[in-house]
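I opened this structure for a first look. These are my notes, in the order I made them.

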Amino acid sequence: MLSGTLHPPMAHKRFTQFAWGLLIYNLMVILGGAYVRASLSGDGCGDHWPSCQGQILPIGGALKTIIEFSHRISTALLLPLILVLIVWAFVAFPRGHPVRLGAWLIFLGTWMEALIGAALVLNKWVALDRSTERAIVMPAHLVATFLLLMALALTAWWSGEGGRIKLKGQGAIGAALLLGLIGAILLGISGAITALGDTLFPSVSLLEGLKQDLAPGVHFTVGLRIYHPLIAISLGLYIVVVAGLAARLRPSPKVTRFARWTVMLFLLQMGVGLINLLALAPVWLQMIHLLMADLLWIAMTLLVAAALEEGVPQVELESVDWEAEHAAYPAPKTPAAHSAKASGDIPDAEPALPPATWKEYVALTKPRVISLLLLTTLMAMFVAAASESLPVPRLWVFLAVGVGFYMAAGAANCINMVLERDLDLRMGRTAKRPTVTHSIPPASALVFAFALMLGSFGILWAAANMLSAMLALAGLAFYVIIYTMLLKRRTWANIVIGGAAGAFPPLVGWAAVTNDLSLLAWTLFAIIFLWTPVHFWALALLIKEDYARAGVPMLPVVRGERATVIQMAFYTVLTVGVTALPLWMARQDGQASVGGVYIGAAVLLNLVLVIRMVQLFRHPERQQAKTLFTYSMLYLALLFIAMAVDTARWL
C-alpha cells in the first residue's frame, strides 16, 4: 500500500468512475441552471414548486416553461443517483473512511441547492426581479454549488488515488491553501452578483456599459461589474503564487499536476472573462465562464487535498541536508548547533537558538534592495499627481502606499529567501541570511511573508484603490513564480524577463493616485525594465564565482564576460532611448509632462551611464563593473527624482 493512500490504487474502480461521472453530470446541471437565469426563464413555471404551472407535467407551455421544467427534471434525477452513491459508499468502504463522509456531504449539498432554488421560485426572485434578497440568495446558491462540487470531487478523489487529509503540522502553506479556497468562494460570490447585473442591466456597447458601471446611484449589481475583474485578477494572482509554492514545497507528482491545472485554468478563465467583457456577456459565453470557474474550483480543491495528504513530503521544513551543505560551504557565524539539530542528528537536550529578533525579520525583506524600488514608487506618485493637476499626492495615501508597497516587496523577498536557501548558503554575500543560519525557520518565514502579502493588499486597497493593490500583488507573483521558480535556475535570460518584477513599483505608485495606467506610467515601467539588465549584470560580473558555485546560470557564468558586456551595452542604448519618451508625452491638459529639469538630468545621467559602459566595454575588469553597478543605482534614483521635481505643481 502506498504511503498516505487509503486503499490499493485499482480498488473500487467502478465506484470512482461513477463518482467522477456524477461530478460531470452535476456540472451539466449547473450550466442548465445558468442558462435558466441568463435566458430569463426562471419564472417559466410561475411561482409553483415542485410542480410547474400547478401541474406535475406541464404540456404545451411556453419556451421558458420548457427550459425551466427541463432544469428541474435534470436536478431531480440527481437525487436517485446520489442515493445510489451513498449506499454504494457504505457497502464498499469501511467505517471511518472519508468516502462515506463525502457521500453524505454530497447528499446535503444537493438538498441545499434544491431548497435555495425553491426559495428563488417561491419568492419570485427570478427573471427580471431586482430585489436585494435575490442578490443575496443567488450568491448563496453559488456557494452551495461550490461546496457540492467540492464534496463530489473529494469523494471521487478519496475513492481512487487520494489519501487522507492531514490538517495539523502543515505550516504556512497549508493555511495559505485553505485561505485560497476561501478567496475563490469570495470571487465566485462577486461573479454571481456581476452575472446577475449583466442579466438585469444589459449593455448595447462596451462604452455604454462602462458609463453605466461608473454612473452615480447605479444598482449595486452593476457597480460591482467594474470591480469583479480586479478582484478576479488579484485573487487569481494569489492562487497562482500559492499553487506554485505548493508544487515546490510539497514535491509530489499529484501536487504538481493539480498546481499546473490550477494555473492553466486560471489563465484560461481570465481569457474567457476578457472575451466575455468585450462581447457584452452573451448567454453562451456566460455559461463557458461559469464552467471555467467551476473547473478551477475543482482543480483547487484537488490541489489542496493532494498537498495536505498524509505522507506527502514537506520540503517547507527542511529541503536541504544542512549539515552536509554547511560542511561543504562553511559560512561565518553560522550556528552549527542548530544546523545539526535541524538535520535531526543531535538530541533534544541541546540548547535551542534564542528567538529571532525584529532585526532578523526585517532582514528577510531585504530593505537595501527595496529602498530603490520604494523610491521609484513614491516618485511616480508625484508625477501621477501632476498629471491629475494636483500639487502633491495626498499625505496619508503617500505614506500608506509607501508602507503597503514595502510590505509587498518584502513578502516577495521573504518567499525568495525560503525557496533559495540552498543557493544562498553557497554564495558569500547571502550566506548570513536568517533562513540560511536558521535563526528564522522557513515555516516562520513563510508565515511572515503571507502576513506581509495580505497586509499589503489590505492597506493599498483601503488607502488607495484595488488597482494599486492588484499591481503590487502582480509584481510579487511575477518575482516569485516567473523569476525565482521558473527562470533563475534554468536560463541566463532570467534577469531579462524576470527583471519585469522590479518594474512594477512605478505602476503601483501611479495607480494609487490616478486609479488608471497612462502611457507615461508604462514608460516608467519600461525605463526600469530596460535598466535592470545593465544594473544586475554589473553585479553578476562582480560575483561571477558565487553564481558558478551555486549553479545559477547567470550570463557571465554561461556565456562569459565579453558576451555579458556586449549585452549590457545593448541594453544601455535601449535605456537611453526610452528615457527620451517622456519628452513627447503630454498631460491631460495638453502641457508637457516634463521640462528643463528632467531634460538636463536625463542628458547628464545618460552621458555618464554611456561613459561608464564604454569604460567597462574597453576594460571588462572588476573595478569598472563595480563603478557601473554603483552608478546604475544612483542613475535610476536621480532620474525619477528629476522627473518628480520637474512635474511638481508646488514649485
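Predicted model: local features only at pLDDT ≥ 70, side-chain atom pairs only at ≥ 80, totals over all residues.

Grid points are joined across faces, edges and corners, and a volume is the space filled by probe spheres set on the points.

Residues are numbered from 1 along each chain as its sequence is written, and side-chain values use heavy atoms, with hydrogens and water left out.

**Cavities.** How many cavities of 30 Å³ or more are there? I found 3. The largest cavity has a volume of about 60 Å³. Its lining is L177, G180, L181, I239, V242, A243, M300, L303 and V304. Two or more lining residues come from each of α6 (171-200), α9 (228-249) and α11 (283-307). Helices here are DSSP runs (H or I, at least four residues), strands likewise (E, at least two), numbered from the N terminus. I sorted the lining of the largest cavity by class: 8 nonpolar, 1 polar and no charged residues. Ala, Val, Leu, Ile, Met, Phe, Trp, Tyr, Cys and Pro count as nonpolar, Asp, Glu, Lys and Arg as charged, and the others, Gly among them, as polar.

**Second largest pocket.** I got a volume of about 1,300 Å³ for the second largest pocket. It has 47 lining residues, and K366, V369, N413, Y479 and F536 lie nearest its centre. Elements giving two or more residues to this lining include α15 (367-387), α20 (466-487) and α23 (519-542). Which element gives the largest share? It is α16, with 7 residues. The lining of the second largest pocket splits into 29 nonpolar, 10 polar and 8 charged residues.

**Whole chain.** I counted 28 helices and 0 strands in the protein chain. Of its 651 residues, 55% are buried. Buried means under 20% relative accessible area, exposed over 50%, partly exposed in between (1.4 Å probe, protein chains only).

**Helix α27.** This helix (residues 596-618) has 23 residues and reaches 33 Å from its first C-alpha to its last, close to the 33 Å expected at 1.5 Å a residue. The expected span is 1.5 Å times one less than the number of residues. I listed the buried residues of α27: Y598, A601, A602, L605, N606, L609, M613 and L616. They pack against α23, α26 (561-578) and α28.

I then looked at R612, also in α27. Is R612 buried or partly exposed? It counts as partly exposed, because its relative accessibility is 27%. Leaving out residues up to four places away in sequence, R612 touches T627, L628 and Y631. Contact means heavy atoms within 4.5 Å.

**Disulfide.** My search of the whole structure gave 1 disulfide (a pair of cysteine sulfur atoms within 2.5 Å). It joins C45 to C52, S to S 2.0 Å. The S-S torsion is about -85°, so the disulfide is left-handed. C45 is buried at 0% relative accessible area, and C52 is buried at 0%.

Technical notes: 1 Å grid on protein atoms, 1.4 Å probe; cavity = no way out; pocket = protein on both sides within 12 Å on 5 of 7 lines; lining within 4 Å.
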